[in-house]
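Visitor: I would like to learn how to read a model like this one. Could you walk me through it, feature by feature?

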Amino acid sequence: MQFIDCAEIEVEAGKGGDGIVAFRREKYVPAGGPAGGNGGRGGSVIFVAAENLQTLLDFRYNRQIKAENGKRGGPNNCTGANGRDRLVEVPVGTVVYDATTGETIGDLVEIGQTLVVAEGGKGGLGNKHFLSNKNRAPDYALPGLDGEQRLLRLELKLLAEVGIVGLPNAGKSTLISALSAARPKIADYPFTTLVPNLGVVRKPTGDGTVFADIPGLIEGAHEGAGLGYEFLRHIERTKVLLHLVDVTAADPIADYETIQQELVAYGRGLSDRPQIVALNKLDATDLDGDALDAIAAELEARIPGPIFRISAVTRAGLDPLLQEIWRTLDDLSARDVAVEMPVFNP
């Protein structure tokens, strides 16, 4: 399945049905009178967050979405039928923008959450509505109103608690395949991973935590270089960043700084996110213990907390790394609960 995380579509709600002009003409109703019914409401376009969707691919081929028009009113004060709403399923994590104004219309982050993106037009009033003491036989009605029309931009931002970042070939895909049942394509060259990969990692409590492997970060990614700009949005929702540094690289410290600069340049609070750093590929390095200690010491001077040493291939050092991730997530959850708790003032 092709991974598409951005799409632009047109939506059009249904037009309201027209009101009509009609009069009662039954022989047993001597006074008669107006009896034109109102038109029905036009259908709305409604997005629904669906669990079974992982991409916006459908919107590449279906760029125009329209709801049903309302039916015109009928005689004998009959109101026209409402147009059916158009329910459109989108992946959980979809953000909807007005493509013309840039305004954020809504963010669908829960399964089953709905968002009205185009409101149906109101039905027109029939001549019965205009009956008054001064006008006993109104001979006019109102047409239905047009439904909303909008040009929308959809962006999918993956819902993951832990985002794995690092330069290409740092071992992100290998790590997520070692920790979860995800099986991304892995090869010994940069840009093997062309789309974000999600994997569910089980905590000791049995709960599942979603990890996201974010591909394509290189220098200048925030300006569109490489693939990083396309996928940086997917770590906006993460609570913790796991930064992998390849110890077999020519300059691991420079690699670390490159990613940090891209996070700062992209903004949206990514550089302030709690970050855990791990030196990867211990199985493939020629560096001795002193050299590794020197790299770790330089990194510890830049970021609080321990620097982990792992091998995603042999799974060495993964248990302490996971324990630190769980501890950080638990601390963040406890902090969120403390903020949400009401303060009692006697």
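Visitor: What does the accessible surface of the protein chain come to, and what percentage of it belongs to carbon and sulfur atoms?
Guide: Please keep in mind that this is a predicted model. The accessible surface of the protein chain comes to about 17700 Å², and carbon and sulfur atoms account for 50% of that area. Of the 346 residues in the chain, 47% are buried.

Visitor: How many helices and strands are there in the protein chain?
Guide: There are six helices and 14 strands. To see how the chain is tied together, look at contacts with a separation of 6 or more: 73% of these are between residues 24 or more positions apart.

Visitor: What pLDDT does the protein chain average?
Guide: The average is 85, and 87% of the residues score at least 70. Over residues 339–346, however, the pLDDT is below 50. That stretch has zero contacts in the model beyond near neighbours in sequence. Where pLDDT is low, the predicted coordinates should not be read in detail.

Visitor: Let us turn to the strands. Which residues lie on each side of strand 13?
Guide: On one side are Gln275, Val277 and Leu279, and on the other are Ile276, Ala278 and Asn280. All of these are buried, so to speak of both faces of strand 13 as covered is to apply the cut-off of under 20% relative accessible area. In numbers, six of the six residues of strand 13 are buried.

Visitor: In which sense do strand 12 and strand 13 pair, and over how many bridges?
Guide: Strand 12, residues 240–246, pairs with strand 13 in the parallel sense, over six bridges. As an example, Val245 has Leu279 in strand 13 as its bridge partner. Between these two strands the chain passes through helix 4, and this β-α-β crossover is right-handed.

Visitor: How many bridges join strand 13 to strand 14?
Guide: Three bridges join them, and the two strands run parallel. Strand 14 covers residues 307–309. Here Val277 has Ile307 in strand 14 as its bridge partner. The chain goes from strand 13 through helix 5, residues 289–300, to strand 14, and this β-α-β crossover is right-handed.

Visitor: Now a loop. Where is Arg273 found?
Guide: Arg273 sits in the loop between helix 4 (252–266) and strand 13 (275–280). To place a residue like this, I check its accessibility, then its polar partners, then its surroundings. Arg273 has a relative accessible area of 15%, and because the cut-off for buried is under 20%, it counts as buried. A polar atom of the Arg273 side chain lies 2.6 Å from the backbone oxygen of Thr238. Leaving out residues up to four places away in sequence, Arg273 touches Ile235, Glu236, Arg237, Thr238, Lys239, Val240, Leu241 and Arg268.

Visitor: Why is helix 2 described as largely enclosed by the rest of the structure?
Guide: Because eight of its eight residues, 172–179, are buried. Among them are Lys172, Ser173 and Thr174. Ser173 has a relative accessible area of 8%, and its side chain makes a polar contact of 2.8 Å with the side chain of Asp213.

Technical notes
Residues numbered from 1 in each chain as written. Predicted model: local features only at pLDDT ≥ 70, side-chain atom pairs only at ≥ 80, totals over all residues. Heavy atoms only, no water. Helix = DSSP H or I, 4+ residues; strand = E, 2+ residues; numbered from the N terminus. Buried < 20%, exposed > 50% of the residue type's maximum accessible area, 1.4 Å probe, protein only. Polar contact = N/O pair within 3.5 Å; in protein donor to acceptor, adjacent residues only side chain to side chain. Contact = heavy atoms within 4.5 Å. pLDDT = per-residue confidence, 0-100. Pairing = 2+ DSSP bridges. Right-handed = clockwise from strand over helix to strand, strands pointing away. Areas by Shrake-Rupley, 256 points an atom, 1.4 Å probe, with all protein chains shown as cover.
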